[in-house]
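Keep the 3D view open as you read.

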Amino acid sequence: MPGHQLFDMLGRVAVVSGAASGMGRAMAIGFAEAGADVMLADVDVAGAVATAAHIRALGRKAVPVNCDVTNILSVRAMFALLDKEFGRVDVLGNVAGPGMGGAPEEIDVSVMTQVLQNLVVGRFAACQEAGRRMLKQGRGSIINIGSIGGWNSLGRHHMPYGTAMGAVIQMTRELSTEWAARGVRVNCILPAQVLNKDLEARMKTMPAMRDVFLGGIPAGRFGKPDDIKGVAIFLGSDASSWVTGAIIPMDGGNLAMNAGGSYPGGPRPMG
Ligand SMILES: NC(=O)c1ccc[n+]([C@@H]2O[C@H](COP(=O)([O-])OP(=O)(O)OC[C@H]3O[C@@H](n4cnc5c(N)ncnc54)[C@H](O)[C@@H]3O)[C@@H](O)[C@H]2O)c1
């Protein structure tokens, strides 16, 4: 049965970072399932190639590219390849970006510089490259991945990460305001805990963490990467044509209940 035409992404070109695994992979596949062709950026080239094979089997064009989103030159090179391969970009999914943490009184100041580079400068470089092309086209949708940790304090050695994700939220608002009248929309998704290899490993070494996290998710389960598909297709398609500058929790109800609920008892070095 065909879906609603507002969600149809046939003929659209999307570029998604972190497309080898997790939410980036799910987002890229979701766009392709909705009809889009996709460029798949990741440092895990084998993973991006595997996602590309999955998308080609759906009948869509997929181009994997080795791109380190923390390196501006690498981001620019990816967009140069995109111009060659696709000639346009309708959607940017800004997903990848390694976070860093530590006790604020102990970390080297360089940790702040690095995490801001990884999560804010890297995402901005991609927004700028995509934005320039979208402004010329008069149409485009940028989706930044933030975090509940950029909205509320997590209080568990996430200060550099939370500060950077807070900046991603404000960057989204600034860019959306600058570009809205010229057809380019910029929105931000804030996930709570979505299962990935790193999170599974951390919960294995600290089993109490699982209960603490689940205690902060009224929906009663962790997120899974596929949970991002619906929100991403909504934001990437015409279904959201009057939605820009929105900061959208994808968190099983975590922010509504107050993130304090996921962390009873105040700061301690966990997760
Ligand atoms: N999983 C969560 O609970 C959660 C919650 C909030 C926000 N986030 C954010 O969402 C994003 C994706 O998380 P995920 O759970 O899908 O992670 P994941 O580990 O499943 O996937 C991350 C992908 O990004 C790639 N990657 C890492 N560094 C890269 C770089 N420098 N350049 C290009 N690609 C790179 C990895 O190879 C991997 O394929 C991250 O920015 C993360 O901080 C995650």
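Look at where α1 and α2 touch in this predicted model: Arg 25, Ala 28, Ile 29 and Ala 32 are the α1 side of the contact, and Thr 51, His 54 and Ile 55 are the α2 side. Sorted by class, the residues of this contact come out as 4 nonpolar, 2 polar and 1 charged.

How do the two helices sit against each other? Two packed helices are described by the angle between their axes and the distance between the axes. Here, α1 covers residues 22–33 and α2 covers residues 45–56; their axes come within 10 Å and cross at roughly 20 degrees. Angles under 35 degrees count as roughly parallel, so α1 runs roughly parallel to α2. As for handedness, α1 and α2 cross in a right-handed way.

Now move along to another pair, α3 and α4. Helix α3 spans residues 72–85, and its axis comes within 9 Å of the axis of α4, with a crossing angle of roughly 25 degrees. That again makes for a roughly parallel arrangement, this time of α3 with α4, and the crossing of these two is right-handed. On the α3 side you'll find Ile 72, Val 75, Arg 76 and Phe 79, while α4 brings Gly 122, Ala 125, Ala 126 and Glu 129. The class tally for this contact is 5 nonpolar, 1 polar and 2 charged residues.

While you're on α4, which runs over residues 109–137, take a look at Val 109. Is Val 109 buried or exposed? It has 7 other C-beta atoms within 10 Å, and a residue counts as exposed at 12 or fewer, so Val 109 is exposed. For a sense of distance, jump from Val 109 to Gly 252: the two are 143 residues apart along the chain, and their C-alpha atoms are separated by 34 Å.

Time to zoom out. The protein has 9 helices and 7 strands in total. Its radius of gyration is 18 Å, close to the 18 Å that the globule rule gives for 271 residues, so the protein is as compact as a globular protein of that length. Taken along the principal axes, the C-alpha atoms fill a box of roughly 50 × 45 × 40 Å.

What about the inside? Of the 271 residues, 47% are buried. And if you take the contacts with a separation of 6 or more, 75% of them are between residues 24 or more positions apart.

Notes: Residues numbered from 1 in each chain as written. Predicted model: local features only at pLDDT ≥ 70, side-chain atom pairs only at ≥ 80, totals over all residues. Axes fitted to C-alpha atoms, helices over the stretch in contact; angles between N-to-C directions. Helix = DSSP H or I, 4+ residues; strand = E, 2+ residues; numbered from the N terminus. Parallel < 35°, antiparallel > 145°, perpendicular 65-115°, else oblique. Left-handed = near helix turned anticlockwise from the far one by under 90°. Contact = placed C-beta atoms within 7 Å. Nonpolar A, V, L, I, M, F, W, Y, C, P; charged D, E, K, R; others polar. Rg over C-alpha atoms; globule rule 2.2 N^0.38 Å. Buried ≥ 20, exposed ≤ 12 C-beta atoms within 10 Å, placed from the backbone.
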